[in-house]
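Please look through the sequence and the structure before reading on.

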Amino acid sequence: VATSADAMPWLTEYAGLHADFSALASTRERLRWSCRTGCEQTVMTLVLDCGADVNEASGSGETTPLFLASRNGHVHCVRALVHLADAASPGRPSPSASGSKTINIDAVRRSDGVSSLFIACQKGHAAVLRALLDAGADTNLVADDGSSPLFVASQAGHAEVVKALLDAGADPHLVADDGATPLFISAERGHADVASLLANSRGGPSLVNRAAEDGASPLIAAIERGSSSVTKLLLAAGADVNQRMDGDVGALYVAASQGWGCIALLLLEAGAQVDQATEAGMTPLQVAAAQGHSAAVVALLCYGACVDFGGSAEGQDQAELQQQQQQQQHGGATIGDGGQTALFLACQSGHSEVVSQLLAKNASPGIRRSKDGATPLWIATKNGHDACVECLLRARCDPNESAITAITSSSSSSSSVNNTT
């Protein structure tokens with residue numbers, strides 16, 4: 001800065017070397033170009049000797065020189081812009097049209113309300129962030145969509161930026177328009193280092209179980225991502241292992257439905273209710289069996305999951321059966337019909353490995369589906385799942401009471417129709 005009075009020849013030489021720069025007619029556009037490309041010496045010359053306005057945005061009012069330098073990570077240009085106005089010497093042109101010698105550090109882009117600090121955090125430019133913090137930039141200035149600098153840094157997984165923001169007093173409780181906190185978005189994206197910083201920050205315990213608008217907690221978001229590391233650290237930070245999404249789907253159910261056996265074990269070890277059913281009457285074991293997730297099935301069985309949940313075995317108390325069927329009603333439609341046990345669902349979809357696992361834990365092959373009397377053997381036969389049929393027959397399932405009875409009944413109905421005709 002001290003030698004910038006002698007820098008005019010440099011500017012002329014620079015313009016000769018760079019056609020893009022020399023083609024720009026206005027000082028404003030030359031300053032913007034220099035900030036975009038990171039030429040600190042040209043920035044100093046334009047501001048101190050040519051009177052370029054450090055606060056002047058583009059013609060549409062979108063971006064300032066500071067924004068461009070911050071977005072592209074040019075920390076030297078950022079520092080120059082922040083300090084040059086106050087360093088302007090008497091007798092030189094004013095550094096801004098209004099005569100102001102102070103840069104507007106929190107100026108935002110008109111289209112979305114994004115500030116220079118915000119864009120630096122989103123891009124992960126930690127050095128630029130520190131320069132802006134030193135200049136007094138607002139760490140909690142949110143964009144038009146409600147997201148804060150801390151939120152977008154957490155979303156992108158920029159741990160160094162997140163730490164700097166937290167140390168500078170950024171509020172981790174600010175939420176985006178969908179109710180997601182920085183901790184939630186970091187868990188959803190699987191950024192374990194960022195999630196750890198946020199979970200252990202001031203107010204971390206109140207953030208661990210704070211759900212987004214759809215009811216999902218950070219723990220459920222991490223499980224949907226399949227991140228065992230984030231799941232583990234959230235549990236250690238006090239996440240509620242039995243918290244349900246909108247009062248229905250729990251963390252263990254999500255893990256089972258996705259097939260994450262290791263995550264299911266983490267949840268069970270932390271005290272998850274192994275048979276916690278949804279409003280539709282489906283347990284984690286049933287959904288894991290239906291989708292053939294053998295690793296999740298093994299984990300659930302090891303922790304004592306009820307293999308015949310949803311069944312209506314012969315001789316079952318009718319009041320109990322009726323209550324169970326009522327629990328399986330959701331929105332006026334039967335999602336899990338009585339008798340659709342984990343074994344039935346596995347046979348229906350042809351998951352022979354899961355069928356073997358369930359039979360080894362004494363799952364009952366004689367339980368019938370309440371709406372039509374179908375058994376696991378009948379549904380496996382009907383759908384052509386030979387391996388499942390073999391598993392059931394090896395378990396001494398009686399074909400005369402199971403598949404053959406249903407098939408015969410179906411054939412008799414067809415014969416009756418033909419005779420009528």
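A crossing of two helices is called right-handed if the near helix is turned clockwise from the far one by less than a right angle, and left-handed if it is turned anticlockwise. By this rule, helix 10 passes helix 12 in a right-handed crossing.

## Overall composition

The model is a predicted one. Its secondary structure comprises 25 helices and four strands. The protein has 421 residues, and 49% of them are buried.

## Helix 10 and helix 12

Two packed helices are described by the angle between their axes and the distance between the axes. For helix 10 and helix 12, the axes come within 9 Å and cross at roughly 15°. Angles under 35 degrees count as roughly parallel, and helix 10 and helix 12 are therefore roughly parallel to each other. Helix 10 contributes Ala159, Val162, Lys163 and Leu166 to the contact, while helix 12 contributes Asp193, Val194, Leu197 and Leu198. By class, this contact of helix 10 with helix 12 contains six nonpolar residues, two charged residues and no polar ones.

Helix 10 spans residues 159–167, and its buried residues are Ala159, Val161, Val162, Ala164, Leu165 and Leu166. Their cover includes helix 7, helix 8, helix 9 and helix 12. Just after helix 10, Gly169 takes a positive phi of about 95°.

## Helix 9 and helix 11

Helix 9, one of the elements that cover the buried residues of helix 10, also packs against helix 11, which runs over residues 182–189. The axes of helix 9 and helix 11 come within 8 Å and cross at roughly 15°. These two helices are therefore roughly parallel to each other, and their crossing is right-handed. The contact is formed by Leu150, Phe151, Ser154 and Gln155 of helix 9 together with Pro182, Ile185, Ser186 and Arg189 of helix 11. In the contact of helix 9 with helix 11, four residues are nonpolar, three are polar and one is charged.

## Helix 3 and helix 4

How do helix 3 and helix 4 run, roughly parallel or roughly antiparallel to each other? Their axes come within 9 Å and cross at roughly 155°. Angles over 145 degrees count as roughly antiparallel, and helix 3 and helix 4 are therefore roughly antiparallel to each other. Helix 3 passes helix 4 in a left-handed crossing. From helix 3 the contact involves Thr27, Arg30, Leu31, Ser34 and Cys35, and from helix 4 it involves Thr42, Val43, Leu46 and Val47. The residues of the contact of helix 3 with helix 4 comprise five nonpolar, three polar and one charged.

Within helix 3, the residues Arg30, Leu31, Arg32, Trp33, Ser34 and Cys35 are buried. Gly38 follows helix 3, and its phi is positive, near 90°.

Helix 24 covers residues 386–394, and its buried residues are Cys388, Val389, Cys391 and Leu392. Seen down the axis of helix 24, these buried residues fall within an arc of 160°, so they line one face of the helix. An α-helix has 3.6 residues a turn, so residues three or four places apart point the same way.

On the other side of helix 24, Asp386 and Arg394 are exposed. The elements that cover the buried residues of helix 24 include helix 21, helix 22 and helix 23. Just after helix 24, Arg396 takes a positive phi of about 65°.

Ser217 is located in the loop between helix 13 and helix 14. Is this residue buried or exposed? Buried means under 20% relative accessible area; at 2% relative accessibility, Ser217 therefore counts as buried. Leaving aside its neighbours within four places in sequence, Ser217 is in contact with Phe184, Arg210, Ala211 and Gln243.

Glu224 belongs to helix 14, which spans residues 218–225. With a relative accessibility of 40%, Glu224 counts as partly exposed. Apart from its neighbours within four places in sequence, Glu224 is in contact with Val254 and Trp260. Glu224 and Gln258 are 34 residues apart along the chain, and their C-alpha atoms are separated by 7.2 Å.

Notes:
Residues numbered from 1 in each chain as written. Predicted model: local features only at pLDDT ≥ 70, side-chain atom pairs only at ≥ 80, totals over all residues. Heavy atoms only, no water. Buried < 20%, exposed > 50% of the residue type's maximum accessible area, 1.4 Å probe, protein only. Contact = heavy atoms within 4.5 Å. Axes fitted to C-alpha atoms, helices over the stretch in contact; angles between N-to-C directions. Parallel < 35°, antiparallel > 145°, perpendicular 65-115°, else oblique. Nonpolar A, V, L, I, M, F, W, Y, C, P; charged D, E, K, R; others polar. Arc of directions from axis to C-beta.
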